Amino acid sequence: MAITFEHVGYTYQANTPLATPALTDVSFTVPDHGYLAIIGHTGSGKSTLIQQLNALLKPTTGQLTVDQFTVTPTTTNADLKPLRRHVGMVFQFPESQLFAETIRQDIAFGPQNFGLDPDKALKLADEMLALVGLDASYAQRSPFELSGGQMRRVAIAGVLAMHPKVLVLDEPTAGLDPQGRQEMMSLFERLHREQGLTIVLVTHQMEDVAQYAEQVAVMQHGTLLRVGTPQEIFSDVAWLRTADLDLPRAAQFAQKLAQRGVNWPQGLPLTADDLAAQLAAQWSTKGVDHV
Amino acid sequence: MENIIEVHQLSYQYPDASERPALNQISFDVRAGEWLAIVGHNGSGKSTLAKAIDGLLPFTEGEVIVGGVALTADTVWQVRHQIGMIFQNPDNQFVGATVEDDVAFGLENRQVPRDQMIKQVAEALQRVGMADFAQRAPSSLSGGQKQRVALAGIVAVAPKILILDEATSMLDPQGRQAMLALVRELHETQHLTVISITHDIDEAASANRILVVDDGRLVQEDSPAAIFAQGERLIELGLDVPFTAKLATALRQRGITPPSGYQTTAEMEEWLWQSLSNTSATPTKPTHP
């Protein structure tokens, strides 16, 4: 599903003395099956922006289109039900929303709510459990006996059971250990690749942006500063500094070597692999012995 | 250096868990003024261990001695007065309606006279760079600011020991770095003993020594450099793989062999620069100027 924002503005408590503008004139496009990362500091408008995607918040000005659905300031909630089915939202710490007695009941809750008959919903729950990498033995267990990372998988399985076309993730790896983080990011990558899901990821992890995203949007004070490929965004080091954003580790390291005179003819490397590949190319041309 | 904490053969089993014990015969010492990191994957027992030291768990087997005081039901307050603890979620540890009330809470508990309390609160907030926020509601602060206020609450009562229980894991990278810099400064200037329970490689790198806990047992104890030299295996220990180790792996896959063992980023940078600029050097033996 493609996403288009056209001059979207949003003001909290609009038309009251407490009106607080949170988004101003935001325009961008994510192609069908795209992977967009949204970066920016706390309070930059990232969360307000993603809540437009399933119309939890409707724009105060402008409009957005998700596939064939268009949301304008006057769209009514009744018109939004189909959109909400297609846009799966995974909020921060989604495991806090688990509630059912067993894991499969929890996952089946959403589809049942949208009218699927209980047997089919439970069968679907079992499929989703496998999709997020938990084996069938978990189905009858209580979700509250699981580790943090496992609980988060169950919560995500519940979102996937709605068969969304767009998956919106708000800092999905916060609070997980490095192994849990890695597994979680691989899961989204797999869903993106195998099921063709469009992914919108809000993150502070520049490593994840460099490794997974196809497009990056940089937010600051409610405005979209820039949107581009990770290579375009991270290559402009001076600009990033003015936006007070970090480079991925590999790019920081490559920057230091650049200050000593090393050139990066294929662009600033953003990942360890990319860095090693560019170093290896220079290694042979310089005639250094290979081991 | 004297031992400020001694743990002997500590075991604990959660009452509702029929399975394995959460802590299994753990013994170690912490020297006064030391920075000790405790690492392990989620569920390994490292947070349980921190709680046991602070008298938050009624362990039945083993012994914990803090500042020469053996921890029992009768001495728990003598032990806790020596320890300041910061938890993962800053929202779970606020009691005051304003930032300064919150920082004053520990002093009120210790019945510090009002005049002195006002002075100590102001100093503590100054110390952590939050003096301008004294009158603000804690809920209006960012995660990083909240953790700094929590740290001010500890600075105000000046304990000998600071325990950080994944205290930076919910902060953004800049908030995390600011918090770590502050803890480092307190560690150096106040001779504060720091125990940090963490998954963060930078936080673990600040330590003098790292303990690895797995399945309730103490499985390894070594310097950060020795622990980090394990490369890809670190992910099983609950840590991330250091960037230099990832780069070394990627280089080896392309036929380039960096020096063995853990390299800091500065060492790796130097070695790569030397190897690239000195065409006659063999990559495995960098020439030093």
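Chain B has an average pLDDT of 89, and 94% of its residues score at least 70; pLDDT is the predictor's confidence in each residue, from 0 to 100. In residues 280-287 of chain B the pLDDT falls below 50, although this stretch has 18 contacts in the model beyond near neighbours in sequence. Two residues are in contact if their C-beta atoms, placed from the backbone, lie within 7 Å. Where pLDDT is low, the predicted coordinates should not be read in detail.

This is a predicted model, in which local features need pLDDT of at least 70 and side-chain atom pairs count only at pLDDT 80 or more, while totals for chains, interfaces and linings use all residues. Residues are numbered from 1 along each chain as its sequence is written, and chains are lettered from A in the order in which they are written. The model scores are ipTM 0.83 and pTM 0.84.

Chain A contains eleven helices and ten strands, which are DSSP runs (helices: H or I, at least four residues; strands: E, at least two) numbered from the N terminus. Its radius of gyration, taken over C-alpha atoms, is 21 Å, close to the 19 Å of the globule rule for 291 residues, so chain A is as compact as a globular protein of that length. The globule rule is 2.2 Å times the number of residues to the power 0.38.

Between the chains, 32 residues of chain B are in contact with 34 residues of chain A. α10(B) gives the largest share of the side of chain B that touches chain A, six residues. The residues of that side divide as follows.

| Class on chain B | Number |
|---|---|
| nonpolar | 13 residues |
| polar | 14 residues |

Conventions
Ala, Val, Leu, Ile, Met, Phe, Trp, Tyr, Cys and Pro count as nonpolar, Asp, Glu, Lys and Arg as charged, and the others, Gly among them, as polar.
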